[in-house]
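Dear colleague,

Please find below the structure that I would like to hand over to you.

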Amino acid sequence: MDAVFKALADPTRRELLDELFREDGQSASALGARFEMTRFGIAKHLKLLEDAGLVVTRRRGREKLHFLNPVPIRLIHDRWVSKYAEPWAAALSDLKSRLESPMEKIFEIYIKTTPERLWEAITTSEIRSNYQFGNTFTSDWTPGGRFEMRNVKADEPLGEGENIEVDPPRRLVQTMRALWGEDVKAEGTSRITWEIEPVGDSCHLTVTHDQLREGANDQLYGGWPMILSGLKTWLETGEKLTTPGSLMYA
């Protein structure tokens, strides 16, 4: 968390995050055009934000695009704020507004665990219910296989999709269609990619939620910071995350 606070202490870096909040997936040159600063200066600020986990980068052809990653901010919230600000917890999990271009959301987190344990936590229904709103996931976890998301409080499935890639314990790609309400049903199918990279005694987990339509309903992706915070808490402590949003459907 020291790196996060250090990154947020500088007003220019906060403005850069504001720009990515306004429009995600920008290049360094596009961001630099909005500041009276050299390209080297912008690159230095972006590197500090990336090192703190607040910015995630992806290459698209020759361009390097920058995305806001709200997970570290969510972890700060879970540590100090949620106990005192219960009515705001659900709102704080949705840290980015609708964008003006087709949406791709990228979230990353470091978890002290092995790739095998992390893969098990993602693909084992009983474990997953501990950090994803009490929901269970049924699948044979094979390429082309179907999965279904359910909750004991709902008579019908809350979501469904297909496993596109299954490469344990490194990569899982799935389509996803939300079914918990008519508003999200109308959004159709999106795609979720889980990528696990071992780093020392920990794992770097990246979740990419893409193929979202322009202006997609934020219910589809707004819960990811809370889900990943709950996953980290469960694997590192064996306890459930007790923010109100995490227990919303449990």
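This is a predicted model: local features need pLDDT of at least 70, side-chain atom pairs count only at pLDDT 80 or more; totals for chains, interfaces and linings use all residues.

Residues are numbered from 1 along each chain as its sequence is written, and side-chain values use heavy atoms, with hydrogens and water left out.

Lining of the second largest pocket: 15 residues contribute, and Met 1, Val 4, Pro 72, Leu 75 and Lys 232 lie nearest the centre. (A lining residue has an atom within 4 Å of a point of the pocket; a pocket is an open set of points on a 1 Å grid over the protein atoms alone, where a 1.4 Å probe fits, with protein on both sides within 12 Å along at least five of seven lines.) By class, the lining has nine nonpolar, two polar and four charged residues, where Ala, Val, Leu, Ile, Met, Phe, Trp, Tyr, Cys and Pro count as nonpolar, Asp, Glu, Lys and Arg as charged, and the others, Gly among them, as polar.

Thr 189 is partly exposed, at 46% relative accessible area, and Asn 130 is buried, at 18% (buried is under 20%, exposed over 50%, partly exposed in between, with a 1.4 Å probe and protein chains only). Thr 189 and Thr 175 are 14 residues apart in sequence, yet their C-alpha atoms are 6.4 Å apart. Beyond neighbours within four places in sequence, Asn 130 is in contact (heavy atoms within 4.5 Å) with Trp 234 and Lys 240.

With kind regards
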